[in-house]
Structure formats: C-alpha cells, structure tokens
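Hi,

Here is the structure I said I would pass on.

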Protein chains: 2
Amino acid sequence: MANIPASHQDLVQNPNALILATTMPDGTPQTTVLWFRWTGDTLQISTTAERQKTENIQSNPRVSAMIVDPNNMYRYLEVRGTVDITHNGHDDAYNLIDWLAKQYTGKNQYYGGVAPAENKYNETRVILNIKPEHVVARG
Amino acid sequence: MANIPASHQDLVQNPNALILATTMPDGTPQTTVLWFRWTGDTLQISTTAERQKTENIQSNPRVSAMIVDPNNMYRYLEVRGTVDITHNGHDDAYNLIDWLAKQYTGKNQYYGGVAPAENKYNETRVILNIKPEHVVARG
C-alpha cells in the first residue's frame, strides 16, 4: 500500500476529473475521464459491466489513475494499482453513482430516482476499487 | 489513420495538458502529464531517452493520449496510436522543446539559450511522434 501525501490530498477530496488508463486486449492502453470517490484508502469508480474499460480490467486488472489540479497542470497525482471489481447487489453500486452525481452535478440521483432494476439504461452497475500500490505526486 | 473531428480541433490547437498512457514492463499502465504539439497529422511530445515512459515505449510503442477541455471535463479527446521515436540530431528535439516552452510558458528557450550539448541537464532529448490510429471524441 502506498499513501497519498498530505500535499496532494485535496486532489482526491474534491470532485476532479480522474483519467483512468486500462489495457485493451491487444495491449494498447485506453484512457477515459471519470468521476471518483476517495474513501480514505481506496479510489472508487462507478461504471457498468458492459463498458470496454470493465472488459479490459477483467483481462488485466492493473491500471493507472491520473488526477490533475484543474488550476495547475504541473500539479498532479498518479495512482497505480490493481482493480477489485465489486457488485454487492445493486445497492452499493447505485448508492455510489448517486453520491457521485450529487458531488459532480448537484443532482441527488443519477437515474432520477427510478428504481435501479427498472432504469431505462438496463445496465449492470459495478464498482472499480483501486487501492494505491504506487503513487507519484508532482508539483 | 483516424481524423480528429472539427468539433475537437481546438483541444489540439491550444496548449492543453496531454495525459500520456504507456505500459510498464510488468504490464501496468503508467500515466504522465505533458506538453504537446499537433502538426496537423501527428501529436509530438518532447521528452528524454532516460525517462521511464521512453523505456516503456521502447518495449511497447502503443499508447493512449488524453486531452480534456480545461473548462469542461465532459469534453475530451482520446488518441490511440503507435509511437515513432525520432532523434534527428539535437536540433529537431531542441527546436521542439523551445517551441513548446514558448507556447506553454511564454519563455523563448527551455534551456535558457544554453547550447544543447552543454545544457546542465545532460539529457538526450527525443521526439515521440504519434499518428492517430483510433480517436474518441466526447462532449
């Protein structure tokens, strides 16, 4: 386990963009921009089982997460780790996406309060849990 | 070759942060924040032969480059491609870093006008050239 230094805690406490790098089946890195929650020892990302990044992680669970200070591109945090995908019933995954929606958009519920099982997207929501194994803090 | 759509050309025309994902020898993605130049068909990055990312690219030249709109995290461009590392004498590599320094910092010369061969960093500057093979434009 690696720690996030006090100097860069603000980057994980605030609703910043997280760029997640995974690996495609052919070995090419893939990057996407995501919401995240920092629990104190884990980065959590809400996504669905059907997405390319989830498929990538099932083949190669090692990832890099990058958070750049939105006001200073020279100040950033890279967290590398191995993803543990959890799906403890719908409740955990939907509680997380609702919490994230509130943080990033101010709205209370990502799916507008529609019961998860009946949401129009017909998605299987999962949580990507990343415990920092290697941390690079710059700036 | 893939094209960058007109809707997202501004992201490569302006001095934005580029997040480059490479692959460590053990298969873990690595991400760093970099300056870049867009030539019209190639993303160019200036770095040194000694950096981890350059070593990674020598083993696996496939990368993903992410540029996020600094004013809107939901608007971004991912460019995947294969890196061609060039080092045509010092001149090209030093011309590029000086051009980048001007764009990003307003200073004319990255090494303060010290002749490349005698710069205090004693680095071997190279250019990473990425022609887009797959482009994802969002937002």
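Below is what I found in it, going from the overall picture down to one residue.

First, the ground rules. This is a predicted model, where local features need pLDDT of at least 70 and side-chain atom pairs count only at pLDDT 80 or more, while totals for chains, interfaces and linings use all residues. Residues are numbered from 1 along each chain as its sequence is written, chains are lettered from A and ligands numbered from 1 in the order in which they are written, and side-chain values use heavy atoms, with hydrogens and water left out.

Let's start with chain A. You'll find three helices and eight strands there; these are DSSP runs numbered from the N terminus, H or I of at least four residues for helices and E of at least two for strands. Along the sequence the pattern reads α-β-β-β-β-α-β-β-α-β-β. Chain A has 139 residues, and 52% of them count as buried (under 20% relative accessible area; exposed is over 50%, partly exposed in between; 1.4 Å probe, protein chains only). As for contacts (heavy atoms within 4.5 Å), take those in chain A with a separation of 6 or more: residues 24 or more positions apart account for 70% of them.

Now the two chains together.

What does the interface look like? In it, 30 residues of chain B touch 30 residues of chain A. Together the chains bury about 2300 Å², 61% of it on carbon and sulfur atoms (the accessible area, 1.4 Å probe, that two parts lose on being put together, summed over both). The rule finds zero salt bridges across it (a side-chain nitrogen of Lys or Arg within 4 Å of a carboxyl oxygen of Asp or Glu). It does find ten residue pairs in polar contact, both at pLDDT 80 or more. That means N or O atoms within 3.5 Å; within protein, one must be able to donate a hydrogen and the other to accept it, and residues adjacent in sequence count only if both atoms are side-chain atoms.

Next, zoom in on strand E4 of chain A (residues 43–48). Six of its six residues are buried, so E4 is largely enclosed by the rest of the structure. A:Leu43, A:Ile45 and A:Thr47 point one way, and A:Gln44, A:Ser46 and A:Thr48 the other. In a regular strand, side chains alternate between the two faces of the sheet. E4(A) pairs antiparallel with strand E3 (residues 37–38) over two bridges (at least two DSSP bridges make a pair), and six bridges join E4(A) to the antiparallel strand E7 (residues 125–130).

Finally, find A:Ser64 in strand E5 (residues 62–68) of chain A. Is A:Ser64 buried or exposed? A:Ser64 is buried, with a relative accessible area of 0%. Its side chain makes polar contacts with the side chains of A:Glu78 (2.8 Å) and B:Thr31 (2.7 Å).

Cheers
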